[in-house]
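Please open the model in a viewer and keep the selection panel at hand.

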Amino acid sequence: MDPSPPSDPTILRIPDITSHCPFKLAYHKNGDALAADSETGSKEGVRSATSSDDRFRVVCDMFNVWWLLDDLSEELRAGETEILADFYKPTHAGGKEQPDEEPDVSRLSRDYWTRFISKAGPGVQARLVHNFELCFIALNQEVKDRISGPEIPSLADFIKRRQDTSACKQCFDLIEYCFDMELPDYVIENPSLESMKDCVNSFASWLNDIYSYNVDQSRGITHNLVTVIMKHYDMDLQAAVDHAGNMCIEAIESYCEHKARLPSYGPEIDSQVAAYTRGLESWISGNLEWILLTQRYFGNRGQEVKAHLLVKLLPPKQSPNAALVD
C-alpha cells in the first residue's frame, strides 16, 4: 500500500488490492449471450463461471432481485420495513401457486425461488432459507438504526452485522447449486471451511465498502466499514480506506491459511470440496472485476478508476459518473 495521501483532499486513492489476489478470474462461457435475458448476466458471469446456462440464469435473476432489495433498504422510512418481508415470504411457500394478490417484490422472489427449488437439494434449500432470514433480520435492524438517527456502531458490532447484510452467505449456498451438488452438513460445517467462508464474506464486504464509500457518503449512508473505521480509530478518510484495503488483503491471506487445513474426506467428496473452494475463490477474483464492471459506484467510468485508482469525492446527491479525476 502506498502510504502517501493525495495532495488534494477532495481526491480519494483506492488501494491496490488486485495485485494481492492469487486466484484466476473465470468467466461463464455464455455469459454475454445470457446477459440479454438478465440485466446482471454479464456481470455475474465472473462469479458464477462454471454453472450450466439454466442455473446461471436463475442465479442472475436472484441477483437482480437482491440488488433491488439492497437499493430499497437504503431508501425505506419509518413504517415501511414490512416490504423487506415481502422479499422473504416466497421462500416459505414451498413452490405453491401464486396468490391472487401479492406484492410485486414477492412475485419476483417467487419466480426465481420456484425455479431454484426444482433443482436444488433440500440441504442447499434449507441453508439458503436460513441465511436469507439472517440477512433480512440484519437489514431490518440497519433500516431501524438509520431511521432512529445517524449513530455509527462500534467496529465489532458493525463487522458482526455486515457478515449478514452482505448477502454473501446465501450467495455461497448458490455455489452448490451451480455445481449441481450438495455437500454433507459435516463438510459444509467444518471449522476450516466455515472460516474460509467468513474470510471471503469479509473480503467481499470490505471491498464493496471501499468502492461504494464515495456514493454512500454523498447519500448520507453510514453503514460502511470506512466510516466506522474513521470513528473507531480516529483516522482521516484516506487512512481509513487504506486500513480497509489491508483488511481485504488479510482476509485473502487468512483464507489461504484455513484452506491448507482442510481435511480429506475421500476422492468423491474431496472433488466436491475442491469445486466449492473454486467457487469461493471466484467470489474474490470475480468481485475485483465485477465491482468495476457495474455502474453502481462509478457510472460508466469504472475502467478509468481501475487504471488510476483515484476518484473525486462527490458532493451530496451527485451522480457517480462525476466521481473520477479528469
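Contact here means heavy atoms within 4.5 Å. Helices (H or I, at least four residues) and strands (E, at least two) are DSSP runs, numbered from the N terminus. This is a predicted model, in which local features need pLDDT of at least 70 and side-chain atom pairs count only at pLDDT 80 or more, whereas totals for chains, interfaces and linings use all residues. Residues are numbered from 1 along each chain as its sequence is written, and side-chain values use heavy atoms, with hydrogens and water left out.

**First stop: α8 and α13**

Select residues 168–178, helix α8, together with residues 267–293, helix α13. Their axes come within 9 Å and cross at roughly 135°. The α8 helix is therefore oblique to α13. Axes are lines fitted to C-alpha atoms, for helices over the stretch in contact, and angles run from 0 to 180 degrees between N-to-C directions. Angles under 35 degrees count as roughly parallel, over 145 as roughly antiparallel, 65 to 115 as roughly perpendicular and the rest as oblique.

Now show the side chains at this contact. From α8, Cys-171, Phe-172, Ile-175 and Glu-176 meet Ala-275, Tyr-276, Gly-279, Leu-280 and Trp-283 of α13. By class, the contact of α8 with α13 comprises seven nonpolar, one polar and one charged residues. In this scheme Ala, Val, Leu, Ile, Met, Phe, Trp, Tyr, Cys and Pro count as nonpolar, Asp, Glu, Lys and Arg as charged, and the others, Gly among them, as polar.

**Second stop: α10 and α11**

Move to helix α10 (residues 191–218) and helix α11 (residues 225–233), whose axes come within 8 Å and cross at roughly 90°. The helices α10 and α11 are therefore roughly perpendicular to each other. Select Trp-206, Asp-209, Ile-210 and Tyr-213 in α10; they meet Leu-225, Val-226, Thr-227 and Met-230 in α11. The contact of α10 with α11 divides into six nonpolar residues, one polar and one charged.

Asp-209 lies in helix α10 and Arg-162 in helix α7 (residues 155–165), so the pair ties together parts that are 47 residues apart in sequence. A salt bridge is a side-chain nitrogen of Lys or Arg within 4 Å of a carboxyl oxygen of Asp or Glu. Asp-209 is buried at 1% relative accessibility, and Arg-162 is buried at 7%. Buried means under 20% relative accessible area, exposed over 50%, and partly exposed in between (1.4 Å probe, protein chains only).

How many salt bridges does the structure hold? There are 14 salt bridges. For another, select Asp-54 and Lys-119, where the closest N and O atoms are 2.1 Å apart. Asp-54 is in helix α3 (residues 53–73) and Lys-119 in the loop between α5 (104–117) and α6 (122–148), 65 residues apart. Asp-54 is partly exposed, with a relative accessible area of 37%, and Lys-119 is partly exposed at 40%.

Stay in α3 for Arg-57 and Asp-61, which are four residues apart and so separated by about one helical turn. Their side chains form a salt bridge (2.9 Å, N to O). Arg-57 is partly exposed at 27% relative accessibility, whereas Asp-61 is buried at 11%.

**Last stop: Gln-163**

Return to helix α7 and select Gln-163. Gln-163 is buried, its relative accessible area being 12%. Not counting residues up to four places away in sequence, Gln-163 touches Lys-169, Asp-198, Asn-201 and Ser-202.
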